[in-house]
Amino acid sequence: MPVIPPADKKTVTTLDLIAFKQAKQTFVATTAYDALFARLVDEAGIDVVLVGDSVNQVVAGEPSTLSATVDQMIYHGKAVRRGVQRALLVIDMPFLSYQVTPEDALRNCGRVMKETGAQAVKLEGGQPMAATVRRLVDAGIPVMGHVGLTPQSVHALGGYKVQGRSDESAARMEKDVLALQDAGCFAVVLELVPAALSGKVSRLLEIPTIGIGAGPECDAQVLVLPDLLGLNDRFTPKFLKRYADLAGESRKALAAFAQDVRAGKYPGAEHSF
């Protein structure tokens, strides 16, 4: 399968991601939370746009993802939908919107799909979530899984730590991803997982793995958009590579604007009607 150029307007589907893996073609994902950045991400040729519940931290300023709500995800999902034409749009389901019962999950995920126009949802958790995933998939809702460091379980995990270091936890993760695949997930995110284990898991699965802090052998890579752009410059994990310094450039631009206004240089005649 040829690499799809950014100019190709064909909409990416869940089946395309599986085909990418079969063709050994690495694909790319980022988050987005508004229409403007969603358009820029889409125009850059990103394959998957995730409206992550990280919006609760990155945009809303909360200390974790735990207080994110379904209404919040729908609001941002609808905004991102307006900016995306080509990429596959996936919405994170927030804490306790899907863990209580499969019927609860179906109701909330169905609402998110209907009101945002997204093509899939993402759930955290392994074997305990398999029945819920199967219920959603049987109802026609595509599901992306998420194992390793699952931020909604940060307190149970004892903090934001690499997962799967011990033989026991590695074996459990292998069972988790296989259970998610068997339940019908079309892809699975591996977060903060040792590179060797991620490679093993990626080779084990027929569905693609999407890594974040999980080494180079995953079938795709995802980063949070403000992190990779250098907007969130206070976040400095080992796995992050910054591709710009938008925080620094923004400070410079704002300081220059303030200086011009105070000095009476802006607005000038060329900016006036």
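Which residues of β3 are buried on one side, and which on the other?

**Before selecting anything**

This is a predicted model, in which local features need pLDDT of at least 70 and side-chain atom pairs count only at pLDDT 80 or more, while totals for chains, interfaces and linings use all residues. Residues are numbered from 1 along each chain as its sequence is written, and side-chain values use heavy atoms, with hydrogens and water left out.

Colour the chain by pLDDT, the predictor's confidence in each residue, from 0 to 100: the mean for the protein chain is 95, and 97% of its residues reach 70 or more. Then select residues 1–7, where pLDDT stays under 50 and where the model has 14 contacts beyond four places in sequence, a contact being heavy atoms within 4.5 Å. Where pLDDT is low, the predicted coordinates should not be read in detail.

**The barrel**

Next, show the strands, which, like the helices, are DSSP runs numbered from the N terminus (helices H or I, at least four residues; strands E, at least two). A closed barrel of 8 strands runs β1-β2-β3-β4-β5-β6-β7-β8 with parallel pairing, where two strands pair if DSSP finds at least two bridges between them. Neighbouring strands of this sheet are turned by 25 degrees against each other on average, direction ignored. To see β1 meet β8, select residues 27–31 and 220–223, which pair in the parallel sense over 4 bridges; there, V28 has Q221 of β8 as its bridge partner.

Now select β3, residues 88–92. Both of its faces are covered, with L88, V90 and D92 buried on one side and L89 and I91 buried on the other; buried means under 20% relative accessible area, exposed over 50%, and partly exposed in between, with a 1.4 Å probe and protein chains only. The strand runs parallel to β2, to which 4 bridges join it, and V51 has I91 of β3 as its bridge partner. With β4, residues 120–122, β3 pairs in the parallel sense over 3 bridges, and here I91 is partnered by V121.

**Two single residues**

Select P142, in the loop between α6 and β5: this residue is partly exposed, with a relative accessible area of 22%. Leaving aside neighbours within four places in sequence, P142 is in contact with T14, M113, Q119, A120, V121 and F186. Then move to E174 in helix α8 (residues 167–183), which counts as buried because its relative accessibility is 18%. Beyond residues up to four places away in sequence, E174 touches L197, K200, V201 and L204.

**An open space**

Finally, select Q57, P151, E191, V224 and F235, the closest to the centre of the largest pocket among the 26 residues that line it. A pocket, on a 1 Å grid over the protein atoms alone, is an open set of points with protein on both sides within 12 Å along at least five of seven lines, and lining residues have an atom within 4 Å of a point. About 590 Å³ of space lies in this pocket.

Notes: Axes fitted to C-alpha atoms, helices over the stretch in contact; angles between N-to-C directions. 1 Å grid on protein atoms, 1.4 Å probe; cavity = no way out; pocket = protein on both sides within 12 Å on 5 of 7 lines; lining within 4 Å. Points joined across faces, edges and corners; volume = space filled by probe spheres on them.
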